[in-house]
Amino acid sequence: MARWLPRSTDLTRFCQKLNRVKTLEDDMMETSFNRCLSTIDLTLLGIGGMVGSGLYVLTGTVAKEIAGPAVIVSFIIAGFASLLAALCYAEFGARVPKTGSAYMFTYVSVGEIWAFLIGWNVLLEYMIGGAAVARAWSGYLDSIFNHKIKNFTETHVGAWQVPFLARYPDFLAATILLVATAFISFGAKVSSWLNHVFSAISMGVILFILIMGFVLAQPKNWSTQEGGFAPYGLSGIMAGTATCFYAFVGFDVIAASSEEARNPQRAVPRAIAFSLGLATGAYILVSVVLTLMVPWHTLDPDSALADAFYRRGYAWAGFLVAAGSICAMNTVLLSNLFSLPRIVYAMAEDGLFFQVFSRVHPRTQVPVVGIVVFGLLMALLALVFDLEALVQFLSIGTLLAYTFVAASIIVLRFQQQKGDVPVPVAGGQPNPEPHEGPSSSELKEYESFSDKLQLVDRDKSKEQREPGQLKAAFEPYLEFLSDFYPGEVVMVAVVTLMVSAICLCSILVFGNTHLHLPTWSYSLLLALFSLGFLLSLLLIWVHEQQHSTQTFQIPLVPLSPALSIILNIYLMLKLSYMTWLRFAIWLLLGLLVYFSYGIWHSKENLREPQPQRVSARYVVFPGGSLEERVQAVQPSSQPATGLPDTDIDDCKR
C-alpha cells in the first residue's frame, strides 16, 4: 500500500504548480488590442458600469425589504469598502496594464490556482450582472406600457412557479443582450462611443431626479409613524450593505480595460477615483430623495423611482425617469459585455481556460469568440432566471475578488526588487561571488513580478534595507525574525491576518444568533482574534516595503488593505446560506475545470525547466587518475558552472 502513496517530493512539486506566479513580458505596453481609450473614456465606462440598475432597482429593493431609509447608511459603508478595494485596483491597474482585472492581479502576486478561482468567480459575476440588468431593463420598459408585455407573455406563452426561476420567460431581456453583444463585437471605439451617449443621458436624468426629488421631499416619511429611519436596525443596515455592493461592481471595468488605455499608468487611477466618487454621491443623494418622496414601505421594488413620481402626481416625470433609467442600464450592459470577454481572454491566453477564447479578431481587435459565446449565455440567464436570486449571488464573487486583490497588494509591497539575492539580514553569510552561468536574458524568464516592474531604484545605497527585510529600528527587539528570508515572515503574517479576520467576523456575525455563545466566551474570542489580527498587522509593518515607484500607490499599507480584507469578509458572512451553497457548487465546478484542463495547459507549466536525465560527475583520486561516474540525477537549482558535462581531457595533479 505504501508504494501507492505519493512521495513528499511529488507533493511539493504539485503544490509549487498550484502556487506558481505569472511571468510578465519585458514590454507590458505591447498588446494585440487597440490602445485607444483616454481617461474620460475609462471614467465614463466606470460610471456606466456602476450607475444603472443599482441606482434604479437596488435603491428601492434594499430600502423596502432590507434596511428602510437607512439604505443611505448602507450605501455609505459600501462606498467606503469599495473605495479601499478601488485603491488596490488602481495601484495594480497602473503597474500591470494588462487585461484580466482581479484575475491578473492575483496571478502575478499570489499564485495560479487562486487566480483561476478569482477569474472563475469574476466570470460568473459579470454574467449574472449582465443578466440581472437586462431583466431590470425589461421591467422598466414594461412599466412604461403598464405591464402589457408581461401580461401578453403570461397569457400566450405561459408562466411557472419554480424556485430561482422567473415567473415567465423574459424575451425582451434576452433580445437586448443579443443586440448589445452585436455592438460590442464592432470594437472598443464603437463601444466607447455608445457608452458616451447613454452616460450623458443617464447623468441628465439623475440631475433631474435630484432636483425634483428634493422639491417633493416630505421629512415625515422618516418619522416613527412610518417606521423610523432604521426600522431593521444595525443588522438590516449591514445586510443592506452586502447587497449594495452590486452597485459598485462596475469600477473594475476600468482595470479590465487597462490594456486598451493609451496611458494606463495615469489614466487608470484617475478614472477609478473619479467614477467611484461620482457614483457614490449619486447613490447617496438618490436614496435620500427616494425615501423622502414616499414612505419606504410602499415602494415598488421593480421600478421604485418611476413609481414614486407617478404616485406624487407627476406622471410625465415618471415616464422621463423610466426612459432615462433604460439608457443608464444600457451603459451597464455595455460595461459587462465589454469586460467579461477580456477576462476570459486573459485566462485563455495564459492557458488556464479553453484556447478558443484567446482569439482576437484582426480587424476589430477584440476577442470576438468570447463576446459571442458569453453574450449568448447572458441572454439565456436573463431569459429564465429571477433577478433577486441573481443579485444575492453576485455580491459574494465581488467581495472575494476584492479580498484577494487587497491581500495581493500587501504581498507585492514586501517583495524584493530586481537584482536582490535572498539571504537573511543577520547571520553573517556573505553573498555568493559572481560566476559564469546563463545569460541575463535566460534569467528574466524566471524573475518575480517585482523584478519585472523595477519598483525600486537600483542605484540606491547598499546600506538601505530591501523590501521584506526587518527594519533596522526593530532588529534589537525582534532579532529572531532576521534569520528568515526577506518576505517569508510577511507571507506567513498575511495568511495569519486573513485567518484571524475570518474567525473574528464569524464571531461577530454568528456568535449571538447561531452559536448562542455566553457573554464571557463571546468577549474572550473577540479579544483573542482581534489580538491575532493586530499582531499580524504589526508583524507586516515592521518589515521594509517598496516606496520608490513612478506609478500610483495606495497609502497606509498594510493598514488600508487589511481594513478592506476584514470589511469584505464581514460582508460576505452576512449573505444568506443559500448564496454560500450556490457559491460552493460553482467553486467545485471551477476546480474541476482547472484540474482537468488549466493546470496542464498553463503557459507557466510550459516554462518550467525539463528534468535532466543524465549528468556526469568526475572524482580525482590520490593516485592522480580521473574516473568518470555517470548517474541519473534531478536538475540542479544552482546556476551552471560553465564546465562541460562530458569529454573532459585528462588532467594532472
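Helix H6 (residues 112-144) packs against helix H22 (residues 577-601) at an angle of about 125°, and their axes are 10 Å apart. Helices here are DSSP runs of H or I with at least four residues, strands are E runs of at least two, and both are numbered from the N terminus. The axes are lines fitted to C-alpha atoms, for helices over the stretch in contact, with angles running from 0 to 180 degrees between N-to-C directions. That angle makes H6 oblique to H22; under 35 degrees would count as roughly parallel, over 145 as roughly antiparallel, and 65 to 115 as roughly perpendicular, with the rest called oblique.

A word on the ground rules. This is a predicted model, with local features needing pLDDT of at least 70 and side-chain atom pairs counting only at pLDDT 80 or more, while totals for chains, interfaces and linings use all residues. Residues are numbered from 1 along each chain as its sequence is written, and side-chain values use heavy atoms, leaving out hydrogens and water.

Back to H6 and H22. The H6 side of their contact includes Phe116, Trp120 and Leu124, and the H22 side includes Trp586, Gly590 and Tyr594; contact means heavy atoms within 4.5 Å. By class, the residues of this contact are 15 nonpolar, 2 polar and 1 charged.

Now for H14 (residues 315-349). The axes of H14 and helix H15 (residues 368-384) come within 9 Å and cross at roughly 120°. That puts H14 oblique to H15, and the crossing is right-handed. From H14, the contact uses Asn336, Leu337, Leu340, Pro341 and Val344; H15 brings Gly370, Ile371, Phe374, Gly375 and Met378. The class count for H14 with H15 is 7 nonpolar, 3 polar and no charged residues.

On to the rings. Phe, Tyr and Trp rings (the six-membered one for Trp) pair if their centres lie within 6.5 Å; planes under 30 degrees apart are stacked, over 60 edge-to-face, and the rest tilted. By this rule there are 27 aromatic pairs. Two of them are set out here.

| Pair | Centre distance | Plane angle | Geometry |
|---|---|---|---|
| Phe33 and Tyr345 | 4.9 Å | 70° | edge-to-face |
| Trp120 and Trp586 | 4.5 Å | 15° | stacked |

Trp120 sits in helix H6 and Trp586 in helix H22, so this pair links parts of the chain 466 residues apart. Trp120 is buried at 7% relative accessible area, and Trp586 is buried at 16%; buried means under 20%, exposed over 50%, and partly exposed in between, using a 1.4 Å probe on protein chains only. Both tryptophans belong to one aromatic cluster, whose members also include Phe14, Phe374 and Tyr597.

Phe33 lies in the loop between helix H1 (8-18) and helix H2 (39-50), and its partner Tyr345 lies in H14, so the pair ties together parts 312 residues apart in sequence. Phe33 is buried at 4% relative accessibility, and Tyr345 is buried at 7%.

In helix H2 there is also Thr43, buried at 10% relative accessibility. Apart from neighbours within four places in sequence, Thr43 touches Ala271, Phe274 and Ser275. Ile76, in helix H4 (residues 71-95), is partly exposed at 43%. Ile76 and Ile284 are 208 residues apart in sequence but 7.0 Å apart in space, C-alpha to C-alpha.

Most residues other than glycine have a negative phi, and most peptide bonds are trans. Ser101 is not a glycine, yet has a positive phi of about 55°; Ser101 sits in the loop between H4 and helix H5 (102-107) and is buried at 1%. His516 also has a positive phi of about 55°. This histidine is in the loop between helix H19 (488-510) and H20, and is exposed at 59%. The peptide bond from Val557 to Pro558 is cis, with omega near 15°, and Pro558 is in the loop between helix H20 (519-541) and helix H21 (559-573).

Zooming out, the protein chain has 23 helices and 2 strands. Of its 653 residues, 54% count as buried. Among contacts between residues at least 6 apart in sequence, 82% join residues at least 24 apart.

Methods:
Ala, Val, Leu, Ile, Met, Phe, Trp, Tyr, Cys and Pro count as nonpolar, Asp, Glu, Lys and Arg as charged, and the others, Gly among them, as polar. A crossing is left-handed if the near helix is turned anticlockwise from the far one by less than a right angle, and right-handed if clockwise.
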